[in-house]
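Reader: Hey, I'm new to this one. Can you walk me through it?

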Amino acid sequence: MHPVITHSWNVTEAEARRIQRELAQKVELADRLPDPVRLVAGVDAAYETDGDRMFAVAVLFDADTLAPLETVEAEGVSPFPYVPGLLSFREIPILQTALAKLSQRPDLIVCDGQGVAHPNRLGLASHLGVVFDVPTIGCAKTRFVGDHGPVGNSRGDFAPLMLDGDEVGSALRTQDGVNVLYVSPGHRVSHATARDWVLKLAPNFRLPETTRAADHAVNALRQRVLTQNSGKNS
DNA sequence: GCGACAG
DNA sequence: ATCTTGTCGC
């Protein structure tokens, strides 16, 4: 069958945090995206309930029509435990495996998680962006760090997310009356551009189409693999 | 010491 | 993230 690749960082938590502070110096908060952004990708990961297998998918979208163009999958073994603040060390390896399978390189990648809204200013989106030198946006469903004031009740309303005096993201309302999303620049994208893209990618629902598609696909993959495995006879 | 804590 | 039933609302 397909080989299950075991990625490993071989780093301790302290070393991981040192790497973050190092890579955080390379994060660019100014816009530096392809002239017209044509391809946007969404990525997501899922895990085996008990065990260390994990899955990931990358879904490529036409940035203009928001039509899904390609979906690729990856399966592997968790290389790092979940530790708040070190999520990228757990998901980047398999996300890289999935992204490498795309037939075209995305102009922008939207991640499930934070960008620079992170203790060391290097959440998953920023880490991914720096190591692949690709524009990224962090779009999380819940807050991780920072604080913000009240947000209007209408789509497009937002409040700056502040951390230690720095603006690290936005609490953004993508639909009237729904809970806000925590949007932060990953790499080579400004705060305003990050918000604009998330709003454009979420015309009908709270979450961006990229996130919805990736989440749906990765859960389908997980279900598919784990259920056929439960009825095995090797 | 206590509380918080992306996915 | 994952485990889970019913239930409120358009």
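Reader: What does the side chain of Thr 49 get up to with DNA strand C?

Author: This is a predicted model, and in it a polar side-chain atom of Thr 49 lies 2.8 Å from a phosphate oxygen of DNA strand C.

Reader: Which residues surround DNA strand C?

Author: Ala 46, Tyr 47, Thr 49, Lys 141, Asn 219 and Arg 222. They divide into two nonpolar, two polar and two charged.

Reader: Which part of the DNA strand is within 4 Å of the protein, bases or sugar and phosphate?

Author: Sugar or phosphate: 100% of the DNA strand C atoms within 4 Å of the protein belong there.

Reader: New topic. How many aromatic pairs does the structure hold?

Author: One. Phe 80 and Phe 89 make a tilted pair, with 5.7 Å centre to centre and 40° between the planes.

Reader: Is Phe 80 buried or exposed?

Author: Buried, because its relative accessible area is 7%, and under 20% counts as buried. Phe 89 is buried too, at 0%.

Reader: What sits over the ring of Phe 158?

Author: The charged end of Arg 195, 3.7 Å from the ring centre. Elsewhere, Arg 212 lies over the face of Phe 205, at 3.8 Å from the centre of that ring.

Notes:
Residues are numbered from 1 along each chain as its sequence is written. Chains are lettered from A and ligands numbered from 1 in the order in which they are written. This is a predicted model: local features need pLDDT of at least 70, side-chain atom pairs count only at pLDDT 80 or more; totals for chains, interfaces and linings use all residues. Side-chain values use heavy atoms; hydrogens and water are left out. A residue is near a molecule or strand if one of its heavy atoms lies within 4 Å of it. A polar contact is a pair of N or O atoms within 3.5 Å; within protein, one must be able to donate a hydrogen and the other to accept it, and residues adjacent in sequence count only if both atoms are side-chain atoms. Ala, Val, Leu, Ile, Met, Phe, Trp, Tyr, Cys and Pro count as nonpolar, Asp, Glu, Lys and Arg as charged, and the others, Gly among them, as polar. Rings of Phe, Tyr and Trp (its six-membered ring) pair if their centres lie within 6.5 Å; planes under 30 degrees apart count as stacked, over 60 as edge-to-face and the rest as tilted. Buried means under 20% relative accessible area, exposed over 50%, partly exposed in between (1.4 Å probe, protein chains only). A charge sits over a ring if NZ of Lys or CZ of Arg is within 6 Å of the ring centre and within 35 degrees of the ring normal.
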